Amino acid sequence: MKKQAHFNPKSFKWVISLVVMIVISAGVIFGSKAIDDMANKKYNEPVEIGFTIESTKDVDISSMNTAGYNVKSVQEAYDASNQLVAYIVELTTIGYNQEVPIEMTSIISADGTLVCGIDILHQEETEYLGVRIETPEFKDKFTGRYLPVVLSTSTTKGSTIDVLSNSTISSQAVVDGVNNAQSFVAENFVTEDTAE
């Protein structure tokens, strides 16, 4: 006589437990991602710059801590209605070629929160690699990004800039220069009135 199998509900407890754990884990993962995306939304995409610089005025920075940020000069930037809209900060930063610093400018919004553009004035980085920091494709990645900026290889919170392949040190130098310009502006020019 054949023995007939019978259903034992206890044998399926582990299956039900596993399914419940998977559902809860998925909820936690997707919920955390959604919360993180909401918190960092402003860093995800560039924003449009809502002004055009019509005139500039040199700023006397002789009494400021320029050496701490490698700042060479600062200009106030004004729009067509003569409103202060940004600061143009010229500074140096050290890249792969430590003998010749990278000279660059960063345009930082008057409230110190946004990169409005960058330019590389002089550099002698590695041929075919680091020299690409001068290309519009790289420089344009900074425009309209909330500060701070970070390389795509970083886990730090900020607007992500894609690193130039085989040029991490040169890429990081430009990112450092932009963040130094913002820190200098924040320390010397941004007040509670301009930050609002």
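1. Y87 counts as buried, because its relative accessibility of 4% falls under the 20% cut-off used for that class. The model is a predicted one, and the remarks that follow should be read with that in mind.

2. Which residue pairs with Y87, and is the pair stacked or edge-to-face? The partner is F189, with the ring centres 4.5 Å apart and the planes at 20°, so the pair is stacked, given that planes under 30 degrees apart are classed in this way. The two residues come from distant parts of the chain, since Y87 sits in strand β3 (residues 84–93) while F189 belongs to the loop between α4 and α5 (192–195), 102 residues apart. F189 is also buried, its relative accessible area being 13%.

3. By the pairing rule, the count of aromatic pairs comes to four. One of them joins Y69 and F184, whose ring centres are 5.7 Å apart and whose planes meet at 70°, so this pair is edge-to-face. Because Y69 lies in the loop between β1 (55–58) and β2 (71–78), and F184 in helix α4 (residues 168–188), the contact ties together parts that are 115 residues apart in sequence.

Conventions. Residues are numbered from 1 along each chain as its sequence is written. This is a predicted model: local features need pLDDT of at least 70, side-chain atom pairs count only at pLDDT 80 or more; totals for chains, interfaces and linings use all residues. Side-chain values use heavy atoms; hydrogens and water are left out. Rings of Phe, Tyr and Trp (its six-membered ring) pair if their centres lie within 6.5 Å; planes under 30 degrees apart count as stacked, over 60 as edge-to-face and the rest as tilted. Helices (H or I, at least four residues) and strands (E, at least two) are DSSP runs, numbered from the N terminus. Buried means under 20% relative accessible area, exposed over 50%, partly exposed in between (1.4 Å probe, protein chains only).
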